[in-house]
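Subject: Structure handover

Hello,

Here is the structure you were going to look at. My notes on it follow below.

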Amino acid sequence: MPELGPYEIADLVGDARERAIPILKESFEGIYRWHAKRTLREIDLVRAVTLGGTVVGAALLERLVPEVGYVYYIFVGAANRRRGIGGRLLDDAIARFRSQGARVVFAAAEEENVRSRALFRSRGFREVERKERGWQEGGLGAWGLRTRMRLVSGEVLMGVRLDALTPPEAERPSS
Ligand SMILES: CC(C)(COP(=O)(O)OP(=O)(O)OC[C@H]1O[C@@H](n2cnc3c(N)ncnc32)[C@H](O)[C@@H]1OP(=O)(O)O)[C@@H](O)C(=O)NCCC(=O)NCCS
């Protein structure tokens, strides 16, 4: 794949969200496609990467409570995968949640979806154990929030504590 040239990452608002439908259709099938489409239209925040005016990747994001960010979906058009776009969208989501005071970010990944789990792992996410301590107590348990995450059968919950992640240099306080 050629180097990723100049690209834009910005909010997609209102009708402009429909511009993400072609790559959404390439990325999901069946119930996931139906649910992703509905979420695209209803969710608080959609961030998108645009190359030459075309939406090539998008992330559907929501703050479940002020301290908890949630990545509902991240998807990149088939022609532009493995070029770093998904990673940049996830870095952008984490930076945004962090700047808004989030302490933890969760994401749902299909159990069978190797590339999705690899993407989240590449940014420090790990799978949440069924019985683990809650995020308020230093773990990644999402007690009380799972129903709002609308996890479907076959999906696993992944999460990362932002205090355990080193922020990019630009965000670190200078000594
Ligand atoms: C998952 C997805 C968003 C990744 O997007 P992408 O732009 O190709 O990802 P990137 O190029 O930024 O890769 C970032 C990291 O993810 C991991 N990764 C991505 N694709 C991978 C693959 N096919 N196999 C293994 N690891 C993969 C790697 O760790 C990669 O880092 P590296 O390139 O340094 O090895 C993309 O494959 C996609 O849209 N899939 C369909 C929709 C989907 O399943 N979304 C996720 C669940 S909501």
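Predicted model: local features only at pLDDT ≥ 70, side-chain atom pairs only at ≥ 80, totals over all residues.

In which helix of the protein chain is confidence lowest, and in which is it highest? Confidence is lowest in helix 5 (residues 146-149), with a mean of 87, and highest in helix 1 (residues 21-27), at 98. Over the protein chain the average pLDDT is 91, and 93% of the residues score at least 70.

Overall layout

The protein chain has five helices and seven strands. Read from the N terminus, the order of the elements is β-α-α-β-β-β-α-β-α-β-α-β. The radius of gyration is 16 Å, close to the 16 Å that the globule rule gives for 175 residues, so the protein chain is as compact as a globular protein of that length. Along the principal axes, the C-alpha atoms fill a box of roughly 45 × 45 × 30 Å. Of the 175 residues, 31% are buried. Among contacts between residues at least 6 apart in sequence, 64% join residues at least 24 apart.

The seven strands form an open sheet with mixed pairing, in the order 1-2-3-4-5-7-6. Strand 1 (8-11) and strand 6 (126-127) stand at the edges with a single partner strand each, so one side of each has no neighbour in the sheet. As background, strands of a sheet pair through backbone hydrogen bonds, in either the parallel or the antiparallel sense.

Going through the pairs:

- Strand 2 (residues 45-51) and strand 3 (residues 54-65) run antiparallel and are joined by seven bridges. R47 has A59 in strand 3 as its bridge partner. The two strands form a hairpin with two residues between them, where G52 takes a positive phi near 55°.
- Strand 3 and strand 4 are also antiparallel, with eight bridges. G57 stands opposite V76 in strand 4, and a hairpin of two residues joins the two strands.
- Strand 4 and strand 5 pair in the parallel sense over four bridges. Here V68 has V104 in strand 5 as its bridge partner.
- Strand 5 (residues 104-110) and strand 7 run antiparallel, joined by seven bridges. A107 stands opposite M158 in strand 7.

Why is strand 5 described as largely enclosed by the rest of the structure? Five of its seven residues are buried, which is the reason for that description.

M158 in strand 7

M158 lies in strand 7. Is M158 buried or exposed? M158 has 23 C-beta neighbours inside 10 Å and therefore counts as buried, the cut-off for buried being 20 or more. Leaving out residues up to four places away in sequence, M158 touches F106, A107, A109, F120, F125, R126, E127 and V128. For a distance across the model, the C-alpha atoms of M158 and E42 are separated by 23 Å, and the two residues are 116 apart along the chain.

Around the ligand

Which residues come nearest to the ligand? There are 20 residues around the ligand, and G86, G87, R115, S116 and A118 come nearest. Strand 4 (68-76), helix 3 (85-99) and helix 4 (114-122) are the elements that give two or more residues to this shell. Helix 4 gives the most, with six residues. By class, the shell has nine nonpolar, seven polar and four charged residues.

Two backbone angles to look at

Two arginines have positive phi values. For R82, phi is near 60°, a positive value in a residue other than glycine. R82 is found in the loop between strand 4 and helix 3, and is exposed, with 10 other C-beta atoms within 10 Å. R150 is not a glycine either, and has a positive phi of about 50°. R150 sits in the loop between helix 5 and strand 7 (155-161). With 12 C-beta neighbours inside 10 Å, R150 counts as exposed, since the cut-off for exposed is 12 or fewer.

Regards

Conventions. Residues numbered from 1 in each chain as written. Near = placed C-beta within 6 Å. Nonpolar A, V, L, I, M, F, W, Y, C, P; charged D, E, K, R; others polar. pLDDT = per-residue confidence, 0-100. Rg over C-alpha atoms; globule rule 2.2 N^0.38 Å. Contact = placed C-beta atoms within 7 Å. Pairing = 2+ DSSP bridges.
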